2 protein chains.
Amino acid sequence: MADTSSYDLVVIGGGPAGYAGAIRAGQLGKKVACVEMERAGGTCLNWGCIPSKALLKSAELYQKMLHADDFGFNVGSIDVDFPKVVERSRSVANQMAKGIEFLFKKNKVDYIVGQAQINVPGMVELISGDRKGEYLSTKNILIATGCRARMLPGLTKDGKQVMTAREILDRRDLPKSCIVMGAGAIGMEFAYFLNAFGSDVTVVEMMDRVLPVEDDDVSKFVEKSFKKQGLKVMTGTKAENITVADGKVTLDAMTGDKTEKLEAESLLVAIGVQANTDKLLSNRVKLEMHRNYVKVDAHYRTSVKGIYAAGDIIGPPWLAHVATYEAVQAVNGMFDHGEPRPYVRFPGCTYCQPQVASIGMTERDVKAKELKYKVGKFPFTASGKAVAAMESEGFVKLIVSEPEGEILGAHITGAEATELIAEYALGMELEATWEEIHGTIHAHPTLSEALMEAAAATHNEAIHI
Amino acid sequence: MADTSSYDLVVIGGGPAGYAGAIRAGQLGKKVACVEMERAGGTCLNWGCIPSKALLKSAELYQKMLHADDFGFNVGSIDVDFPKVVERSRSVANQMAKGIEFLFKKNKVDYIVGQAQINVPGMVELISGDRKGEYLSTKNILIATGCRARMLPGLTKDGKQVMTAREILDRRDLPKSCIVMGAGAIGMEFAYFLNAFGSDVTVVEMMDRVLPVEDDDVSKFVEKSFKKQGLKVMTGTKAENITVADGKVTLDAMTGDKTEKLEAESLLVAIGVQANTDKLLSNRVKLEMHRNYVKVDAHYRTSVKGIYAAGDIIGPPWLAHVATYEAVQAVNGMFDHGEPRPYVRFPGCTYCQPQVASIGMTERDVKAKELKYKVGKFPFTASGKAVAAMESEGFVKLIVSEPEGEILGAHITGAEATELIAEYALGMELEATWEEIHGTIHAHPTLSEALMEAAAATHNEAIHI
């Protein structure tokens with residue numbers, strides 16, 4: 001062990017858990033290093049949430065321009081410079097990654113590019129990168145290595161015919177046709193994106209509906225909208241006999257006892273994630289695992305003293321905002337800055353159009369638990385702002401407990417759903433009742449009024465429906 | 001008194017106070033009439049908030065299209081069919097007005113088009129319209145006649161050279177140049193709109209800054225943005241010697257001891273409102289007034305038993321959402337459905353770009369009251385969602401009390417500010433502390449994260465700055 005440096009904390013992984021944990025430790029005045037294999041910001045910032053939102057924004061604008069005559073414009077021609085669309089998303093990712101690198105400096109975080117391996121507790125070895133071979137001695141370790149897209153067994157990503165989200169984000173041409181396997185958030189976002197730019201898209205989902213974690217009403221609504229937009233959506237469907245050859249991908253889509261042969265230029269596999277644990281531990285370190293994820297207690301402590309873990313690597317829900325929250329809590333806890341808290345609830349968002357956002361239980365969940373509840377629903381067609389903006393597709397659905405009237409679950413689909421959900425999230429945090437939401441004056445005209453009206457609607461007091 | 005009908009409530013005025021009050025009474029099973037001179041929905045829906053939002057949305061899209069190359073598009077030509085832009089906004093207003101008429105039917109509200117006069121308490125006379133001469137006997141009266149735009153003394157609106165918001169909303173051509181007098185919400189919205197479509201716009205404001213009710217930081221930021229967008233903005237400026245002749249309007253703009261001659265095709269007067277009380281009362285009814293507004297107590301009761309008032313007619317803040325709230329409270333109170341509540345706070349919104357939204361006190365207010373406070377600020381340049389959407393102009397500024405940490409005031413400028421403010425509004429209603437907002441998991445990537453980060457920033461715990 002030649003070169004060693006001594007840290008209060010070494011964070012392994014520079015994604016939303018890792019960088020946030022490292023920055024938080026820096027804020028607390030700790031000596032901290034963050035070791036990241038690729039680039040600060042991790043998958044989310046470089047190959048996930050952020051660049052995909054840039055692509056989706058371009059797709060939305062393109063769709064708006066195609067329908068600009070509705071707004072009073074005659075647009076001559078619109079040429080899509082697809083490489084430039086992708087370039088912009090890459091440059092947004094690049095800009096944000098630089099931002100994280102700046103924050104590392106500002107908070108005195110040593111940012112090390114390379115792969116890290118926990119050699120023994122208290123000692124991290126750099127096993128790749130410029131500083132390969134160095135050892136970092138540290139009081140605490142935070143594992144935040146995250147997850148990567150899962151591939152179907154037997155298939156190999158080639159970035160052209162077979163892709164995950166990562167490859168499609170870096171692809172400079174639009175596949176003429178694409179089969180999207182998996183109708184979760186990622187699958188639905190790329191399906192929307194590809195279709196918006198004119199690709200011929202088929203979504204194949206094993207479960208009986210798109211966005212299977214969402215409320216049934218929302219799944220139904222979005223599926224209908226997707227079909228209206230021209231996508232083919234197959235639910236309750238298994239893909240078998242996938243073959244990749246001759247510039248095309250083919251598969252058998254089996255729905256019940258019917259089989260349909262699908263063919264496309266490309267296949268996007270969006271069937272979930274797997275943990276990044278490769279070479280994370282030397283064979284001198286054994287951590288208790290839960291399936292393939294690192295097991296932690298309520299304070300984000302692993303089974304080995306001084307080693308913590310947070311983010312996707314500790315298992316679902318695999319969401320950046322949950323990962324950040326966990327890492328900040330873990331770091332607060334390890335440095336005695338308050339009791340770390342596990343998350344109680346979190347919003348989930350899908351950024352296709354119509355957007356989807358939710359928090360808490362679905363009506364299906366509530367029924368399964370045999371809870372007493374009331375539902376309030378408010379359609380955006382009744383919102384003046386939505387109509388004025390020509391964005392009246394969608395609704396707000398609020399489920400409140402009976403008789404307490406507190407939020408059990410909230411489900412929004414439509415314009416800005418992903419922004420609007422924040423109000424309900426805060427409401428749940430503060431145990432707001434439907435009356436308190438209804439009694440809060442909401443600015444007119446806004447989409448947010450629909451959240452107030454849905455609250456009122458749980459007790460038939462909505463004015464505009 | 002020939003024909004009389006007997007009501008539990010007659011509402012005079014069909015705007016956001018009037019129609020909401022009438023619908024609420026209908027929900028409570030009361031026999032109610034709503035008398036409206038023009039069209040259901042009132043100024044807000046027909047000649048204010050709603051059609052202006054339609055125009056602004058078109059302006060935003062036009063600006064986006066002009067810069068579409070930033071997103072990766074080459075747009076051949078964009079012809080603005082200005083009459084169609086305006087037509088769309090009229091048809092949105094028409095659609096929403098029909099919606100109110102539908103809600104009247106659904107809630108069994110008798111909708112009467114005409115002008116109403118309170119003849120004596122308990123008796124309303126229809127003094128214009130198809131049913132002119134009829135009397136409505138009623139247990140209660142709710143005055144909700146609202147306000148109209150104020151004109152400068154000596155000037156006459158002609159819809160072409162001299163306009164208020166009402167006239168410009170119905171104008172089918174774009175003035176080549178326009179002086180906007182008044183940099184409040186309405187003035188700033190139309191100034192943005194006209195400039196966005198290529199009109200040469202000068203904003204003249206008597207106060208020392210634009211949006212004088214907003215926080216100083218916001219006013220400064222928006223003024224700077226407006227100037228960057230090409231508008232001329234003159235603050236601390238009085239307009240004198242206004243002349244309207246020869247197809248042009250001229251005036252002397254006096255800033256301190258400097259005078260500049262301004263000339264434009266049109267003048268938009270956006271200097272505030274005046275109460276609609278013409279012919280409201282017969283000479284047998286005397287109501288206590290406060291300046292020109294109807295005076296009410298905390299239960300929205302006027303000085304005459306059985307006569308209530310709500311909305312703009314009882315005075316500032318002249319906001320649709322406050323009007324609706326007041327009317328619903330008034331009606332709940334008059335029919336013993338809970339204690340009516342005065343409003344405690346309300347959001348204020350301006351829909352120019354960058355948007356502005358706020359609630360509670362400005363920093364100036366807080367200082368004047370010598371309160372102890374902390375400020376947290378988060379710029380949208382540090383928001384991944386904002387950067388991805390190319391909407392990173394603006395910031396969130398949160399002012400919290402010390403040591404309680406509750407929200408004293410919140411100020412947002414930038415994309416979707418008018419939607420985002422709802423979260424802080426609910427937070428204030430529930431007496432949320434900065435820690436509770438910071439501790440609420442916000443979806444990533446969203447603009448709403450900036451509200452969480454601003455809360456964290458009040459105590460230097462923001463991750464992304």
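Predicted model: local features only at pLDDT ≥ 70, side-chain atom pairs only at ≥ 80, totals over all residues.

Student: Got it. Which way do strand 14 and strand 15 of chain B pair, parallel or antiparallel?

Tutor: Strand 14 (residues 237-245) and strand 15 (residues 248-255) of chain B are antiparallel, with seven bridges between them. Within that pair, B:A239 stands opposite B:A253 of strand 15.

Student: How many residues sit between the strands in that hairpin?

Tutor: The hairpin of strand 14 and strand 15 of chain B has two residues between the strands, and B:D246 takes a positive phi near 50° there.

Student: Now the two chains. How many residues does the contact take from each?

Tutor: Chain A gives 92 residues and chain B gives 92 residues. About 7,500 Å² is buried between chain A and chain B, and carbon and sulfur atoms give 66% of that area.

Student: How many salt bridges are there across the interface of chain A and chain B?

Tutor: The rule finds six between chain A and chain B. One of the salt bridges joins the side chains of A:E461 and B:R24, at 3.5 Å from N to O.

Student: And which helix of chain A gives the most to the side that touches chain B?

Tutor: That's helix 3 (residues 49-66) of chain A, with 10 residues. The side of chain A that touches chain B divides into 50 nonpolar, 21 polar and 21 charged residues.

Student: What about polar contacts between the chains?

Tutor: Between chain A and chain B, 28 residue pairs are in polar contact, counting pairs with both residues at pLDDT 80 or more.

Student: Which strand of chain B pairs with strand 4 of chain A?

Tutor: Strand 3 (residues 73-75) of chain B does; strand 4 of chain A covers residues 78-80, and the two pair in the antiparallel sense over three bridges. In that pairing, A:V80 has B:F73 as its bridge partner.

Student: Changing topic: is A:D8 buried or exposed?

Tutor: A:D8 counts as buried, because its relative accessibility is 16% and the cut-off for buried is under 20%. A:D8 lies in strand 1 (residues 4-12) of chain A.

Student: What does the side chain of A:D8 reach?

Tutor: The side chain of A:D8 reaches the backbone nitrogen of A:K31 at 2.7 Å. A polar contact of 2.9 Å also links the side chains of A:D8 and A:K139. Leaving out residues up to four places away in sequence, the residues that A:D8 touches include A:K30, A:T138, A:N140 and A:F335.

Student: How many residues of helix 13 in chain A are buried?

Tutor: Nine of the nine residues in helix 13 (residues 449-457) of chain A are buried, among them A:L451 and A:M452.

Student: What covers the buried residues of helix 13 of chain A?

Tutor: The cover includes strand 24 (373-379), strand 25 (394-401), strand 26 (407-414), helix 11 (417-429) and helix 12 (434-438) of chain A.

Student: Last one: in what order do the strands of the open, five-stranded sheet in chain A come?

Tutor: The order is 10-17-11-12-13, and the pairing is parallel. Strand 10 (162-163) and strand 13 (232-234) of chain A are the edge strands, each pairing on one side only. Strand 11 (residues 177-181) and strand 17 (residues 266-269) of chain A are joined by four bridges, and A:C178 stands opposite A:S266 of strand 17.

Terms used: Residues numbered from 1 in each chain as written. Chains lettered and ligands numbered in written order. Heavy atoms only, no water. Buried < 20%, exposed > 50% of the residue type's maximum accessible area, 1.4 Å probe, protein only. Polar contact = N/O pair within 3.5 Å; in protein donor to acceptor, adjacent residues only side chain to side chain. Contact = heavy atoms within 4.5 Å. Buried area = accessible area lost by both parts, 1.4 Å probe. Salt bridge = Lys/Arg side-chain N within 4 Å of Asp/Glu carboxyl O. Nonpolar A, V, L, I, M, F, W, Y, C, P; charged D, E, K, R; others polar. Pairing = 2+ DSSP bridges.
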